Number of protein chains: 2
Amino acid sequence: MTDCDHDCESCGIEDCGDEAKNFNIFRAYLNKESSVKKVIGVVSGKGGVGKSLVTSLLAVEASRRGKKTAILDADITGPSIPKAFGITGRVVPQGEYIKPCTSEGGIDVMSLNLALDNESDPVIWRGPMIASVVKQFWTDTVWDREDVMFVDMPPGTGDVTLTVFQSLPVAGLVVVTSPQDLVGMIVEKAMKMANLMDIPVFGIVENMSYMRCPGCGEILRPFGESKVEGLAKKYGIKLTAQMPIDPEFAKTVDEGKIESIAENPLSDFAAALL
Amino acid sequence: MTDCDHDCESCGIEDCGDEAKNFNIFRAYLNKESSVKKVIGVVSGKGGVGKSLVTSLLAVEASRRGKKTAILDADITGPSIPKAFGITGRVVPQGEYIKPCTSEGGIDVMSLNLALDNESDPVIWRGPMIASVVKQFWTDTVWDREDVMFVDMPPGTGDVTLTVFQSLPVAGLVVVTSPQDLVGMIVEKAMKMANLMDIPVFGIVENMSYMRCPGCGEILRPFGESKVEGLAKKYGIKLTAQMPIDPEFAKTVDEGKIESIAENPLSDFAAALL
């Protein structure tokens with residue numbers, strides 16, 4: 001089945017086994033130079049809870065643990081990944097496909113900002129156009145023997161989320177939330193969408209759970225008490241993590257040095273995930 | 001021109017004056033029971049910077065200053081406005097149109113969550129569908145002699161933002177940002193989109209600029225130094241405001257009591273805006 005082009009109409013083979021069984025009209029397929037063992041989506045429903053930070057930290061940890069790691073930045077209108085990794089290059093063609101940019105630590109990254117002349121230029125496109133670009137990131141990029149790929153999803157349950165869930169073989173999701181009730185409500189929308197589409201939720205990360213005052217050491221909870229255990233229990237999720245608000249994180253991301261982070265707050269979470 | 005149905009083909013009048021001159025094929029028109037004097041969009045590009053909080057605080061202030069105020073919640077997949085105002089009712093038909101819900105303080109609100117059976121149900125729709133619902137919120141809701149309407153836009157520069165900019169008579173924008181570089185980059189995308197579409201930016205609100213430790217009183221800047229003045233200067237914007245991280249805000253929103261906020265941090269900003 002190595003020559004399968006997934007065009008069943010032009011194929012004479014009657015029983016092609018698993019490949020046909022798993023064939024799905026919505027599914028997008030990798031090109032012949034690519035392989036990705038496991039795809040994990042990072043979703044939130046609500047924007048700004050730190051989805052890209054979580055994606056980056058998980059990828060950094062996977063890479064540190066010897067996995068060949070990739071990030072597909074599906075947040076087309078608000079792409080954050082290249083900046084966190086300090087990638088300022090641009091993607092280039094490789095044969096008929098596109099070569100992703102590679103971070104200092106060896107993580108392959110595909111993001112729309114790597115194809116724009118100016119990173120602050122807006123992308124003013126309708127949803128189907130945006131969704132088709134995400135699909136192309138999957139099909140037309142050379143993903144060279146990746147052990148794991150993290151997909152940084154845009155906020156909300158719209159086009160791109162739907163397209164990724166339908167087109168990519170997503171093994172499961174990491175859901176990112178924050179202690180605010182309001183955020184919890186919107187994160188639940190994402191959890192329910194995952195359930196509707198039969199995609200398992202591997203774990204929940206609560207970001208901005210607390211912070212420590214550098215002056216007096218007091219633990220502050222500016223966004224309220226943690227709610228991650230309640231949410232996890234409600235949906236039967238075992239794997240959870242809490243992350244503090246840490247000015248170092250913001251600084252590390254702003255400086256593009258996420259890979260040089262000394263203590264990864266998601267180290268244990270990532271180990272359990274992988 | 002009171003009977004103008006904006007269908008120029010069926011109209012015999014040769015020179016209909018201003019109305020025809022301002023006619024625009026993308027423009028959506030209010031129904032005959034509605035009037036809105038001024039529409040202000042609240043945008044950010046990046047999610048989670050507090051756009052809905054800013055929208056709510058501006059509306060509360062406008063209402064306190066005697067303006068008949070409305071909010072159109074255009075964040076269809078992540079609607080936050082009803083929760084902030086503690087509105088748990090559902091919208092109901094009024095003749096051939098829809099009656100918005102009204103807050104305790106008298107602010108008219110239209111949001112998709114006011115039409116769902118369960119506020120945490122996800123809306124899994126493609127972009128054009130979402131955009132058409134936003135347009136209907138404008139055309140099919142009874143907006144009863146509103147002095148000002150704030151439109152809470154979804155993050156990003158996609159379908160809905162484009163639709164609102166094209167279809168509604170947006171007088172200008174309030175841009176919401178936070179001190180992170182990364183956020184600044186994505187907020188610039190929104191500023192450039194506004195420029196491309198000839199919509200003025202009235203002012204910039206930087207949220208999460210700082211917080212005060214309740215233990216020792218120290219001023220903390222967990223997301224880095226303020227960057228609002230630099231951004232304002234770059235784009236020639238005169239009106240700016242900074243908002244602290246305040247656990248009271250999160251609590252007030254979570255409890256649906258935004259209208260009972262004692263000191264509105266955007267009081268002066270709103271006064272200048274209106």
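This is a predicted model: local features need pLDDT of at least 70, side-chain atom pairs count only at pLDDT 80 or more; totals for chains, interfaces and linings use all residues.
1. Extent of the interface. Chain A puts 58 residues into the contact, and chain B puts in 58 residues. Together the two chains bury about 4,600 Å². Carbon and sulfur atoms account for 62% of that area.

2. Polar links across the interface. Between chain B and chain A there are 18 residue pairs in polar contact, both residues being at pLDDT 80 or more. Four salt bridges cross the interface of chain B and chain A. A:Arg126 and B:Asp159 form a salt bridge, with 3.6 Å between the closest N and O atoms.

3. The chain B side. Four helices of chain B, α4 (127-139), α5 (159-167), α6 (181-196) and α8 (247-254), each supply at least two residues of the side that touches chain A. The most comes from α6(B), which gives nine residues. Sorted by class, this side of chain B holds 28 nonpolar, 16 polar and 14 charged residues.

4. Salt bridges in the whole structure. Over all chains, the search finds 24 salt bridges. A:Lys37 and A:Asp147 are joined in a salt bridge, at 3.2 Å from N to O. A:Lys37 lies in strand β1 (residues 36-43) of chain A and A:Asp147 in strand β7 (residues 146-152), so the pair links parts of the chain that are 110 residues apart.

5. Helices α4 and α5 in chain A. Helix α4 (residues 127-139) of chain A packs against helix α5 (residues 159-167) of chain A at an angle of about 35°, and their axes are 9 Å apart. The crossing of α4(A) and α5(A) is right-handed. On the α4(A) side the contact is made by A:Gly127, A:Pro128, A:Ile130, A:Ala131, A:Val134 and A:Lys135. They meet A:Asp159, A:Val160, A:Thr163, A:Val164 and A:Ser167 of α5(A). The contact of α4(A) with α5(A) has six nonpolar, three polar and two charged residues.

6. Helices α4 and α5 in chain B. The axes of α4(B) and α5(B) come within 9 Å and cross at roughly 35°. Their crossing is right-handed. Among the residues that meet here are B:Ile130, B:Ala131 and B:Val134 in α4(B), and B:Val160, B:Thr163 and B:Val164 in α5(B). B:Asp159, also part of the α5(B) side of this helix contact, is the residue that forms a salt bridge with A:Arg126. By class, the contact of α4(B) with α5(B) divides into six nonpolar, three polar and two charged residues.

Note on methods:
Residues are numbered from 1 along each chain as its sequence is written. Chains are lettered from A and ligands numbered from 1 in the order in which they are written. Side-chain values use heavy atoms; hydrogens and water are left out. Contact means heavy atoms within 4.5 Å. Buried area is the accessible area (1.4 Å probe) that two parts lose on being put together, summed over both. A salt bridge is a side-chain nitrogen of Lys or Arg within 4 Å of a carboxyl oxygen of Asp or Glu. A polar contact is a pair of N or O atoms within 3.5 Å; within protein, one must be able to donate a hydrogen and the other to accept it, and residues adjacent in sequence count only if both atoms are side-chain atoms. Ala, Val, Leu, Ile, Met, Phe, Trp, Tyr, Cys and Pro count as nonpolar, Asp, Glu, Lys and Arg as charged, and the others, Gly among them, as polar. Axes are lines fitted to C-alpha atoms, for helices over the stretch in contact, and angles run from 0 to 180 degrees between N-to-C directions. A crossing is left-handed if the near helix is turned anticlockwise from the far one by less than a right angle, and right-handed if clockwise.
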